[in-house]
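Welcome! Have a look at the structure first, then work through the tasks.

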Amino acid sequence: MKITSITILFWPLSMLLLSDESQTSKIEVKCNFTAKNYALIPANINKNITILDLSYNQITLNVTDTRVLQTYFLLTELYLIENNVIILHNNSFGKLSNLEILNICRNSIHIIQQGAFTGLDKLKQLYLCQNKIVQLNHDIFVPLKSLILLNLQGNLISYLDVPQLFHLEFIILYGNPWNCSCSLLNLQNWLNTSNVTLENENITMCSYLDTLKCYNIKTVPYKAECYSKFPSSITEDLYIHFQSISNSTFNSFLNNLTRDSERESQGKSWTFLVSVVVTVLMTSLLISIAIKCPVWYNFLLSYNHHRLEEHEAETYEDSFTRNPSPPPQIPDTSSEETIVIFEQLHQFVVDDDGFIEDKYIDTHELCEEN
């Protein structure tokens, strides 16, 4: 009995203590640094802060800001309205696992990397309004498992695939140049069949095609051909994706491409120049050799002039004396006259008579024929 009475007496007191502890654990620590002209997130803030407002400053959310921001792991609300944020890098909010509201409206964001929202498991409201976002990959929102509200108002988005947000209840899409071609049919079906509420539906209008500007994206009357080509809408998605690449990324790609092409053209021009120089030098060398060394003409000629050798001359004389036609009868003369005649005949044989002696004719066969 004593034990039960004691517990009854102390029970209300224990409940009061527990309620006090729960209330102290939910104490909000708010810091307002709006319009302070800060270029970096201050690092000397109370680490127990839960609400941080850094709107209307010059913060870019660079690597230094990300490192400082990770130390405020108790944050539940973060406001970066109208700063100089251009890119949301991977793991920018990685350790802010308690964050529930993230507002980055009125910046110049045009690139959101794939893992920008990694670690925000408890995030419920995401505001990306009035930026310069052109294209959003639906996989970016996969880590946001508790997201209820998504605000994309006032960007440059013309196409949006169905975001994989199973708990999403509200989405704001007006103020974008929506392309209401067949590629937007998937988004329209999702808005009409899911439990998501399209805020400001009446002013979320089409900007293209001209004939559909009087319709909002949820009530566009699509033709039957859009439904037939709907399975092949991947090609259109890729086309829109390449159209929506940011100017900085596209320019950097073009610069890299032109640099590579210049390097390749320079390398090819050097190779071509060297080959031309070598060809000219070799050609001139061959021409000079051909002019200064005419010995090679002998290899092109099959025949050449030369004097008959001594045994060839004797053979020729024998064939001449063996002529079957008898010589005319002449009176006997002296030996001196005979010597003179022989010398005249010999001189006739040796001198060049304009005929070409073929060295390939067998002289013995010629004698036999004679």
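The exercises below concern a predicted model.

**Exercise 1.** Find out how many helices and strands the protein has.

*Solution.* Start by counting the elements: there are ten helices and twelve strands. Next, turn to burial: of the 370 residues, 29% count as buried. Finally, consider the contacts between residues at least 6 apart in sequence: 55% of them join residues at least 24 apart.

**Exercise 2.** Work out which residues of the largest nonpolar core touch the most other members.

*Solution.* This core has 62 residues, and Leu88, Phe93 and Phe117 are the ones that touch the most other members. Now see which elements give two or more residues to this core: they are α2 (63-69) and α3 (185-193). Of the elements, α3 gives the most, with four residues. Then zoom in on Phe93: leaving aside residues up to four places away in sequence, its contacts include Leu61, Leu88, Ile104 and Phe117. Another core, of eight residues, lies apart from the largest one; among its members are Ile101, Cys105, Cys129 and Leu149.

**Exercise 3.** Decide whether Met282 is buried, partly exposed or exposed.

*Solution.* First locate Met282: it sits in helix α6 (residues 247-292). Its relative accessible area is 47%. Buried means under 20% and exposed means over 50%, so Met282 is partly exposed.

Definitions and conventions. Residues are numbered from 1 along each chain as its sequence is written. This is a predicted model: local features need pLDDT of at least 70, side-chain atom pairs count only at pLDDT 80 or more; totals for chains, interfaces and linings use all residues. Side-chain values use heavy atoms; hydrogens and water are left out. Buried means under 20% relative accessible area, exposed over 50%, partly exposed in between (1.4 Å probe, protein chains only). Contact means heavy atoms within 4.5 Å. A nonpolar core is a set of buried Ala, Val, Leu, Ile, Met, Phe, Trp, Tyr and Cys residues joined through side-chain atoms within 4.5 Å.
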